[in-house]
Amino acid sequence: MASKSVSDNILANGVSSSGDTTLPLVIVNPQSAAGATREKWSATASDLRTHFGPFGVAFTKGPRDAIAIAEREARNGRRFIIACGGDGTINEVANGIILSGKDAELGIVPSGTGGDFRRTLGLPHTNSEVAATLRDGITKMIDAGRVTFQDHDGNTVSRYFVNVASVGLAAAVIKRVKSAKFFNWIPIDALRGRANFAVSALQEVLEVNPATIRIRIDEGDEKTIQTINFCIANSRYFGGGMQIAPDAKLDDGLLDIVNIGDMSSTKILRNAVSLYRGRHFDVKEVKTTLGARIEVSAVDHSQQILLETDGEMPGKLPAVF
């Protein structure tokens, strides 16, 4: 299945969907949730078929594949494209739809490690309930952020995000999570994901050092700040359930900017519960504001500061959000 191209898409009932753009298309990342999405696809497809109806399916084969599939299908007239995977898969499908310039709708079947965008949307937890929501739900317009940055080869590129982008601690944690094998024995995806995030975050927090960055928000003056984590949020959650931007709205035309300033490891750990529950604005080192355009760069240009978008690691500073 994983080797099939978009032109070889199959329906859940085994009928070829090639050229039939009247059907919704589910783009599945079989590697999400440490491969659990692939292992559970038969059950997921059964729930979708029962509670949603007929659909086409395409399996991704590697990074950016979902972008290419979604863009091509939207250009070909596909009106409803559904991402089955984690926040990174949702990000890629959203990028493909936006890049197509077409009026296609994005649907979501959550099946990943973090599941942060699902939390803001308030999607149910079972596949049968998700399928019913896809069938009966109301389509709404939401914002998307765009970040222009340096990729890992030093090229200037742009990418859209629907959830949260950040530089600093979160990027370091996500990098560690990608290779984490601590709790692969846990059979429940959500619990395994949270456990890996928690241990990876603890390891990074114990080694944390603030970065010095320059920022400019909209037409304001350039400022130099210290940051443990600098967050640009379209949505409310990131990092496997941390409510980093509790007041963020998906349709207000603005990005919520949250800076966690220079804090000791001890203070971060002491305020961990507040950070996860969205009560961290009472901490004096945490500052928040709104903006439509945010420029971010390292003060020391020789210092490499990674950025993450929707849980993926596409590049580094400087960046414009």
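**Entry 1: Arg78**
I began with Arg78, which is buried, at a relative accessible area of 2%; the cut-off for that word is under 20%. This is a predicted model, so I am keeping that beside every number here. I then looked up where Arg78 sits: in the loop between helix H3 (65-75) and strand S4 (80-85). What does the side chain of Arg78 make a polar contact with? I found the side chain of Glu73, at 2.6 Å. A polar atom of the Arg78 side chain also lies 2.8 Å from the backbone oxygen of Leu23.

**Entry 2: helix H4**
Next I checked the length of H4 (residues 87-100). Its 14 residues should span 20 Å at 1.5 Å a residue, and the end C-alpha atoms are 20 Å apart, so the two agree. I also asked how covered H4 is, and twelve of its 14 residues are buried. Among them I noted Asp87, Asn91, Glu92 and Asn95, along with Ile90, Val93 and Ile97. Just after H4 I came to Gly101, where phi is positive, at about 75 degrees.

**Entry 3: the second largest pocket**
I turned to the second largest pocket, which holds about 1,100 Å³ of space. It is lined by 33 residues, and the closest to its centre are Leu106, Thr139, Lys140, Met141 and Ile142. H4 turns up again here: with strand S5 (105-110), helix H5 (116-121) and helix H6 (127-136), H4 is one of the elements giving two or more residues to the lining. Which element gives the most? I found S5, with four residues.

Notes:
Residues are numbered from 1 along each chain as its sequence is written. This is a predicted model: local features need pLDDT of at least 70, side-chain atom pairs count only at pLDDT 80 or more; totals for chains, interfaces and linings use all residues. Side-chain values use heavy atoms; hydrogens and water are left out. The expected span of a helix is 1.5 Å times one less than its number of residues. Buried means under 20% relative accessible area, exposed over 50%, partly exposed in between (1.4 Å probe, protein chains only). A polar contact is a pair of N or O atoms within 3.5 Å; within protein, one must be able to donate a hydrogen and the other to accept it, and residues adjacent in sequence count only if both atoms are side-chain atoms. On a 1 Å grid over the protein atoms alone, a cavity is a set of points where a 1.4 Å probe fits but cannot get out, and a pocket is an open set with protein on both sides within 12 Å along at least five of seven lines; lining residues have an atom within 4 Å of a point. Grid points are joined across faces, edges and corners, and a volume is the space filled by probe spheres set on the points.
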